[in-house]
Amino acid sequence: MTTRHVTVGVDGSLVAVRALDRACEEAVLRGAVLDIVYAVPDLDEAGPILASAVSRVRDRHPGLPVTACAVEGGPVRALVRHGRDAELTVVGTRGLGSVAGLLFGSVSLRLAAHTYGPLLIIRGDRRPTSRGEVLLGLESNTDADAAAFAFAEVARRGARLRVLDARPRRYLAPEPPSPAHARQVENDGARHVRLAVAGPGQCYEGGTRTLRTGPTTELLEATREAAVVVVSARRGPQRLGRHLSTINHAVLNHSHCPVVVVPTGAGRPRGGEKSRTPRG
């Protein structure tokens, strides 16, 4: 039986320290072992950083089981492999705006595209908080895994769930819909979200908002008061990685709260599918 664990990447930076602190909280919430991973070109460099990380965990969470290992090579490959069976993988990223964010956040973006399980990304320029509602950004009817994660997060934290529905709307009438028809479509969409997300007979304390125009802007604004936002990543062409949508990129670079990316079909590759682990 595989021991439940939360994996976190460290490198001695302030960003990584904040990711480590949040990973501790997540491991405690899940009753899991904390697995600290440090990817380095030379294994001889790893000792002081890993020792400092383990010491911090034991000082702040004395009863939390913790393991630590150094991996020779790049952080993306190391965290993809270690996070394959993890309850959650946690990584920090620097939030430095559109251009710098894409550059310095490249590890988190590549991880989001290749991870097998849920990935929690902590912004280093903001101190994360576990208080606030859980946001779920829906872009497709295939986002069931992200929805399931969001509901589990709500149960763990005793928080409210707010669903922001950015799925495209289709109207059969050739002319623009009347206001009454538009409201009916939105109400039907909200009911569909409740059934798809919560399941028959279940409900959640929160609300569903249909995002018709500017969904990225509205979702980013909603992250200001949230504890975490959950989005989905879908399988890309030729199965070489996950597809990150425009909304995914915007949230990863500009969210005001931590982001969880949940791949569709989260878990190990199924059947005869060959996994492709990125370099670096």
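Mentor: Contact means that heavy atoms lie within 4.5 Å. The structure under discussion is a predicted model.

Trainee: Which residues does R30 touch, leaving out those up to four places away in sequence?

Mentor: R30 is found in helix α1. R30 counts as buried because its relative accessible area is 4%, under the cut-off of 20%. Beyond four places in sequence, the residues that R30 touches are R4, V6, E87, L88, F149, E153 and R156.

Trainee: Which residues are linked with R30 in a network of salt bridges?

Mentor: Side chains of opposite charge can pair when their charged atoms come close. Around R30, such links form a network whose other members are R22, E26, E153, R156 and R157.

Trainee: How far apart in sequence are the parts tied together by E26 and R157?

Mentor: The side chains of E26 and R157 meet in a salt bridge, with 2.5 Å from N to O. E26 lies in helix α1 and R157 in helix α6 (residues 144-157), so the parts that this pair ties together are separated in sequence by 131 residues.

Trainee: Is E26 buried or exposed?

Mentor: Buried means under 20% relative accessible area. The relative accessibility of E26 is 1%, so E26 counts as buried.

Trainee: How many salt bridges does the structure hold?

Mentor: One of them joins D21 and R60, whose closest N and O atoms are 3.7 Å apart. D21 lies in helix α1 and R60 in helix α2 (residues 46-60), so this pair ties together parts 39 residues apart in sequence. D21 counts as buried at 18% relative accessibility. The number of salt bridges in the structure is twelve.

Trainee: Which strands hold R162 and E133?

Mentor: The side chains of R162 and E133 meet in a salt bridge, at 3.5 Å from N to O. The pair ties together parts 29 residues apart in sequence, because R162 and E133 lie, respectively, in strands β7 (residues 161-165) and β6 (residues 133-138).

Trainee: What is the volume of the largest pocket?

Mentor: The largest pocket is lined by 19 residues, of which D11, P75, V91, G92 and V107 lie nearest its centre. By class, the lining has eleven nonpolar, six polar and two charged residues. The volume of the largest pocket is about 330 Å³.

Trainee: Which elements do the buried residues of α3 pack against?

Mentor: In α3, the buried residues are V76, A78, L79 and V80. These buried residues of α3 pack against β1 (5-9), β2, β3 (66-72), β4 and α5.

Trainee: How far does the backbone oxygen of G117 lie from a polar atom of the side chain of T115?

Mentor: T115 lies in the loop between α5 and β5 (119-123). T115 is buried, with a relative accessible area of 6%. From the backbone oxygen of G117 to a polar atom of the T115 side chain, the distance is 2.8 Å.

Trainee: What separates V251 and V229 in space, C-alpha to C-alpha?

Mentor: V251 has its place in helix α9 (residues 246-254) and counts as buried at 1% relative accessibility. Neighbours within four places aside, V251 is in contact with L219, L220, V229 and V259. V251 and V229 are 22 residues apart in sequence, and their C-alpha separation is 8.6 Å.

Trainee: What share of the residues of the protein chain count as buried?

Mentor: The protein chain has nine helices and eleven strands. Among its contacts between residues at least 6 apart in sequence, 79% join residues at least 24 apart. Of the 280 residues of the chain, the share that count as buried is 48%.

Note on methods:
Residues are numbered from 1 along each chain as its sequence is written. This is a predicted model: local features need pLDDT of at least 70, side-chain atom pairs count only at pLDDT 80 or more; totals for chains, interfaces and linings use all residues. Side-chain values use heavy atoms; hydrogens and water are left out. On a 1 Å grid over the protein atoms alone, a cavity is a set of points where a 1.4 Å probe fits but cannot get out, and a pocket is an open set with protein on both sides within 12 Å along at least five of seven lines; lining residues have an atom within 4 Å of a point. Grid points are joined across faces, edges and corners, and a volume is the space filled by probe spheres set on the points. Ala, Val, Leu, Ile, Met, Phe, Trp, Tyr, Cys and Pro count as nonpolar, Asp, Glu, Lys and Arg as charged, and the others, Gly among them, as polar. Buried means under 20% relative accessible area, exposed over 50%, partly exposed in between (1.4 Å probe, protein chains only). Helices (H or I, at least four residues) and strands (E, at least two) are DSSP runs, numbered from the N terminus. A salt bridge is a side-chain nitrogen of Lys or Arg within 4 Å of a carboxyl oxygen of Asp or Glu. A polar contact is a pair of N or O atoms within 3.5 Å; within protein, one must be able to donate a hydrogen and the other to accept it, and residues adjacent in sequence count only if both atoms are side-chain atoms.
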